[in-house]
Amino acid sequence: MWQGRVGVLALVVVAILAGIPMCGAGGGGGDNQLEVYSWWTGPGEEEGLAAMAQEFEAKNAGVAFVNAAVSGGAGSNAKAILASRLLANDPPDSYQRHAGLELEDDVRSGKVQDLTALYDREGWREVLPQGLLENLTIDGRLYAVPVNIHRANLLWYTPAALDELGLGGPPKTWPEFLAQAEKIKEAGRTPLAIGPQWTQKHLFETVLLGELGADKYEQLFAGSLRWTAPEVQAALSTYQQVLSYSDLRSASGDWQPQLDRVVQGTAVYAVMGDWVSGYLEGTKKQRWQQGYAAVASPGSDGVYSFLSDAFTLPTGARNPELAEKWLVECGSTEGQNLFNPKKGSIPARVDADAKLYPGYLGWALAQWRDPKTRIVGSLAHGVVANNAFNAEIDSALGLFNQNGDLGKLAATLDRTFEATR
Ligand code: GAL
């Protein structure tokens with residue numbers, strides 16, 4: 001039976017403050033139960049997970065899928081609770097992690113098991129893109145099973161708002177955005193909707209990508225371009241200007257309310273990943289290119305800033321055999337095709353049937369598969385920065401919201417990048 005999630009923020013906060021692991025609340029532990037941990041509690045994402053869970057239960061008679069999801073976009077709460085559970089040696093049977101350096105942290109600290117044999121048994125190396133496999137491989141071994149590919153560098157809007165304001169089209173560069181933003185403000189609307197801290201970091205990476213270009217963006221996170229370099233400082237200054245046209249001071253709620261303001265028309269643009277399409281299509285009943293639209297975020301046409309949600313087999317999982325079966329579901333064509341259309345992502349597997357992905361997702365799939373597309377990794381969603389540097393960026397951006405000091409921001413990022421390498 002598909003069981004209810006633990007999505008109550010109050011419970012999360014109490015648990016963090018008291019240092020209480022959430023296992024009891026999550027309901028894991030029984031012999032015939034599989035506890036799966038994620039942060040998918042919103043419309044679209046929750047349904048996608050439920051669809052995979054139902055198929056898992058149908059294939060594994062008598063096994064209960066226990067949904068231990070903790071609410072909060074980008075895992076803003078879930079990751080903290082998970083950390084305390086892992087510390088207390090109380091892991092769920094499988095948990096969500098992003099491909100990339102976020103996963104590498106868990107591998108280096110021994111929190112997840114080697115899945116190379118499972119990969120070989122299932123033949124997954126032949127059906128997953130090489131670049132993605134590299135982000136799941138540490139020292140030649142594979143450690144998580146990806147369900148999807150998301151795109152982070154997108155600018156969302158409604159064609160109606162652009163028509164009403166006579167804007168002609170979405171901006172192709174950030175300077176163009178700034179010029180439009182002035183007009184939008186004069187018309188009494190918010191140029192850019194924003195949400196909680198992690199959405200600001202998402203905007204931050206998107207401005208860096210658009211202003212620096214793909215090569216320098218990658219160099220920055222690889223350590224061969226410094227945060228204090230003149231072009232990076234110029235990009236940070238653009239970020240500051242872009243943010244000044246957002247509703248940062250009044251924004252409340254997570255990414256869904258952020259997009260609600262765009263759909264309602266009080267705000268004109270939002271930068272967000274393509275989980276938006278699952279939400280707008282499903283909950284808001286909007287249709288691609290009619291009710292809503294998206295383009296590559298300014299300055300990043302032809303670039304696909306990717307992230308991938310993957311599931312792990314934690315060290316000390318209570319039911320490793322069931323967890324393996326869950327991972328098989330995650331890696332299967334059927335599982336991915338059940339999950340992704342609802343979630344608003346494209347399948348990680350290269351052999352999925354494109355016909356199942358209409359509208360926005362069809363466009364995304366075509367871009368992802370186009371050999372001319374340049375692929376880079378997302379910062380806010382775990383690909384290009386480890387958890388320690390990501391946390392430092394969070395603090396630095398929070399402080400920057402208070403003091404607006406660009407020099408300090410660059411110096412702090414430069415120093416903390418080195419310190420957390
Ligand atoms: C990302 C995650 C997506 C989606 C998004 C918003 O980190 O990879 O699947 O959940 O956060 O919560």
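## Ligand surroundings

The ligand is surrounded by 13 residues, and the closest are Ala74, His98, Asp309, Lys343 and His381. A residue is counted here if one of its heavy atoms lies within 4 Å of the molecule. The model is predicted, so local features need pLDDT of at least 70 and side-chain atom pairs count only at pLDDT 80 or more, while totals for chains, interfaces and linings use all residues. Residues are numbered from 1 along each chain as its sequence is written, and side-chain values use heavy atoms, with hydrogens and water left out.

An N or O atom in the side chain of Asp309 is 2.5 Å from an oxygen atom of the ligand. For Trp39, the distance from a side-chain N or O atom to a ligand oxygen is 3.1 Å. For Trp40, the corresponding value is 3.1 Å.

## Two domains

The protein chain is assigned domain 1 (31–150 + 307–370) and domain 2 (154–299 + 386–420). These bounds come from an automatic or database domain assignment. The C-alpha centres of domain 1 and domain 2 lie 27 Å apart.

## The interface between the domains

In domain 1, 20 residues are in contact with 20 residues of domain 2, where contact means heavy atoms within 4.5 Å. Between them, domain 1 and domain 2 bury about 1500 Å², 60% of it on carbon and sulfur atoms. Buried area is the accessible area (1.4 Å probe) that two parts lose on being put together, summed over both. On the side of domain 1, Pro43, Tyr360 and Trp363 lose the most area to domain 2, together 36% of what that side buries.

The count of salt bridges between domain 1 and domain 2 is 0; a salt bridge is a side-chain nitrogen of Lys or Arg within 4 Å of a carboxyl oxygen of Asp or Glu. Across this interface, 5 residue pairs are in polar contact, both residues at pLDDT 80 or more. A polar contact is a pair of N or O atoms within 3.5 Å; within protein, one must be able to donate a hydrogen and the other to accept it, and residues adjacent in sequence count only if both atoms are side-chain atoms.

The structure holds 26 salt bridges. In one of them, Lys79 pairs with Glu102, with the closest N and O atoms 3.0 Å apart.
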